[in-house]
Amino acid sequence: MSSLIQIDNDIRQLMIEIGENDGELSPELEEKLETLMVSEKAKVTSYCNFLDALDHEIKFVDEKIKEAKAYKERLEKKTERLLEYAKFIMEKRGEKSIDGVLGKKLTMREYESVEIDCDPEELPFDYVKEETTYKADKNLIKAAIKLGEEIPGCRIVKNNKVQWK
């Protein structure tokens, strides 16, 4: 089966032939046109079926990603619980490590961290760092351009999106 582009090219060529034939549709040209139109419909149907299959596969992958993230969270929580349990045992014994076999061991190291029990706004300014992110407000920019305002580096572009049913 020809590609959609080839079918379109064939239809255009046939239209040129019809034009050269003073617009008359001979039985032969009519048969060619009908064949091309049937081919085009079949090709479009194939496209839509393939797009449906891709869409289902994307949804399947999205679901698998969701499942994998949930699984990863469960593993991380399990790891955290096991480490907390080992910490509890070592603290209870007053030990910094517990030896296993074949060189395996659990060790506890001491480290310092800072706990902050207030909002950053309540801290002295010298002890707060500002993080600023900027994001273009596309809706506001679009509205301004439509009202005739010129915004450097911005423009409204028309896009086309093909959908299938």
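Biologist: Let's start with R12. Buried or exposed?
Modeller: R12 counts as exposed, because its relative accessibility is 53%. The cut-offs are simple: buried is under 20% relative accessible area, exposed is over 50%, and partly exposed is in between (1.4 Å probe, protein chains only).

Biologist: Where do these values come from?
Modeller: This is a predicted model, where local features need pLDDT of at least 70 and side-chain atom pairs count only at pLDDT 80 or more, while totals for chains, interfaces and linings use all residues. Residues are numbered from 1 along each chain as its sequence is written, and side-chain values use heavy atoms, with hydrogens and water left out.

Biologist: Back to R12. Which residue forms a salt bridge with R12?
Modeller: D8 does, and the closest N and O atoms are 2.9 Å apart. A salt bridge here puts a side-chain nitrogen of Lys or Arg within 4 Å of a carboxyl oxygen of Asp or Glu.

Biologist: And where do D8 and R12 lie?
Modeller: Both are in helix α1. They sit 4 residues apart, about one turn of the helix. Helices (H or I, at least four residues) and strands (E, at least two) are DSSP runs, numbered from the N terminus.

Biologist: What about D8, how accessible is that one?
Modeller: D8 is partly exposed, because its relative accessible area is 30%.

Biologist: How many salt bridges does a search of the whole structure find?
Modeller: It finds 7. One of them joins D55 to K59, with the closest N and O atoms 3.3 Å apart.

Biologist: Which helix holds D55 and K59?
Modeller: Helix α2 holds both. They are again 4 residues apart, about one turn. D55 is partly exposed at 25%, and K59 is partly exposed at 49%.

Biologist: New topic. Which residues make up the largest nonpolar core?
Modeller: There are 7: I7, I11, L14, I18, L29, L33 and L36. Both α1 (4-20) and α2 supply at least two residues of this core. The top contributor is α1, with 4 residues. A nonpolar core means a set of buried Ala, Val, Leu, Ile, Met, Phe, Trp, Tyr and Cys residues joined through side-chain atoms within 4.5 Å.

Biologist: Take I18 from that list. Where does I18 lie?
Modeller: In helix α1. I18 counts as buried, because its relative accessibility is 10%.

Biologist: How many Å apart are I18 and T107 in space?
Modeller: They are 86 Å apart, C-alpha to C-alpha. In sequence, I18 and T107 are 89 residues apart.

Biologist: Now the backbone. What is the phi of D22?
Modeller: It is near 60°, a positive value in a residue other than glycine. D22 is in the loop between α1 and α2. D22 is also exposed, with a relative accessible area of 71%.

Biologist: And what is the phi of L102?
Modeller: L102 has a phi near 60° too, again positive in a residue other than glycine.

Biologist: Which loop is L102 found in?
Modeller: The loop between β1 (97-99) and β2 (105-107).

Biologist: Last one. Is L102 buried or exposed?
Modeller: L102 is exposed, because its relative accessible area is 85%.
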